[in-house]
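Thanks for passing this one along.

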Amino acid sequence: MHQKSASWCPLSGAIFTIVFDPFIRAIATSLAEAGAGVLGGCADDLGLALYNISFLSRLGGIFKAAGKIAGLFLNMTKCVGVPLWTVASPDVFAAVRRRFVDEFPFWAGMKIAATCGYLGFVLGPAATTHAWVQPVLKLRQRAAALGEDS
């Protein structure tokens, strides 16, 4: 989520929490009532596991309301849909992408991938093969930098 407020203001975190809370509660209540999935969150990072993709329509309505009412918008460049079946081929991801565009236009900008990063962790069916890629790259970069300093 991102909001149109001054991040330098000492009250911006509290204001964001007060404004965002009703929408988080609406999402959690909708998920619970429909038995549609689970919600996790930390500050402005949300993680959703949905049992049925059709629930995206209801979620889209809540996020549209958050934009209209409170000026809170999803940053679709950071949103990732991760199908939780076995690691799929590019053809399967393309089919899922087409379904998103056709059935859930609000979510059309969301990336579809085998993994995503959430709160520092790699999640998804292909996470075991991707979890160490970034840490190993960082280690190599730091080792190379140490070698240059000698």
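1. A word on terms before the fold: helices (H or I, at least four residues) and strands (E, at least two) are DSSP runs, numbered from the N terminus. Read that way along the sequence, the protein follows the pattern β-α-β-β-α-β-β-α-β-β-β-α-α. In total there are five helices and eight strands. Please keep in mind that this is a predicted model.

2. On overall dimensions, the C-alpha atoms fill a box of roughly 55 × 45 × 25 Å along the principal axes. The protein has 150 residues, and 27% of them count as buried. As for contacts between residues at least 6 apart in sequence, 55% join residues at least 24 apart.

3. Next, the salt bridges: how many does a search of the whole structure find? The search returns two. One of them joins arginine 25 to aspartate 21, with the closest N and O atoms 2.6 Å apart. Both residues lie in helix α1 (residues 12–34), four residues apart, about one turn of the helix. Arginine 25 is exposed, at 54% relative accessible area, whereas aspartate 21 is partly exposed at 30%.

4. Glutamate 103 and arginine 99 form a salt bridge too, and here the closest N and O atoms are 3.0 Å apart. This pair belongs to helix α3 (residues 90–103); because the two residues are four apart in that helix, about one helical turn separates them. Glutamate 103 is partly exposed, with 44% relative accessibility, and arginine 99 is also partly exposed, with 34%.

5. Turning to the rings, the count of aromatic pairs comes to four. Among them is the pair of phenylalanine 106 and tryptophan 107, which is edge-to-face, with 5.1 Å centre to centre and 85° between the planes.

6. On the surface, I would point you to a nonpolar patch formed by Leu119, Phe121 and Leu123, which together have about 300 Å² of accessible area. Phenylalanine 121 is found in strand β8 (residues 121–123). With a relative accessible area of 57%, phenylalanine 121 counts as exposed.

7. Finally, the cysteines. A search of the whole structure finds zero disulfides. For cysteine 42, the nearest cysteine sulfur is that of cysteine 116, 15 Å away, and cysteine 42 is in no disulfide. Cysteine 42 is partly exposed, at 42% relative accessibility.

8. Cysteine 79 is buried, with a relative accessible area of 14%.

Methods:
Residues are numbered from 1 along each chain as its sequence is written. This is a predicted model: local features need pLDDT of at least 70, side-chain atom pairs count only at pLDDT 80 or more; totals for chains, interfaces and linings use all residues. Side-chain values use heavy atoms; hydrogens and water are left out. A disulfide is a pair of cysteine sulfur atoms within 2.5 Å. Buried means under 20% relative accessible area, exposed over 50%, partly exposed in between (1.4 Å probe, protein chains only). Patches are made of residues with over 30% relative accessible area and no salt bridge: like charges are joined within 9 Å, nonpolar side chains (Val, Leu, Ile, Met, Phe, Trp, Tyr) within 5 Å. Accessible areas come from the Shrake-Rupley method with a 1.4 Å probe; for residues, only the protein chains shown count as cover. A salt bridge is a side-chain nitrogen of Lys or Arg within 4 Å of a carboxyl oxygen of Asp or Glu. Rings of Phe, Tyr and Trp (its six-membered ring) pair if their centres lie within 6.5 Å; planes under 30 degrees apart count as stacked, over 60 as edge-to-face and the rest as tilted. Contact means heavy atoms within 4.5 Å.
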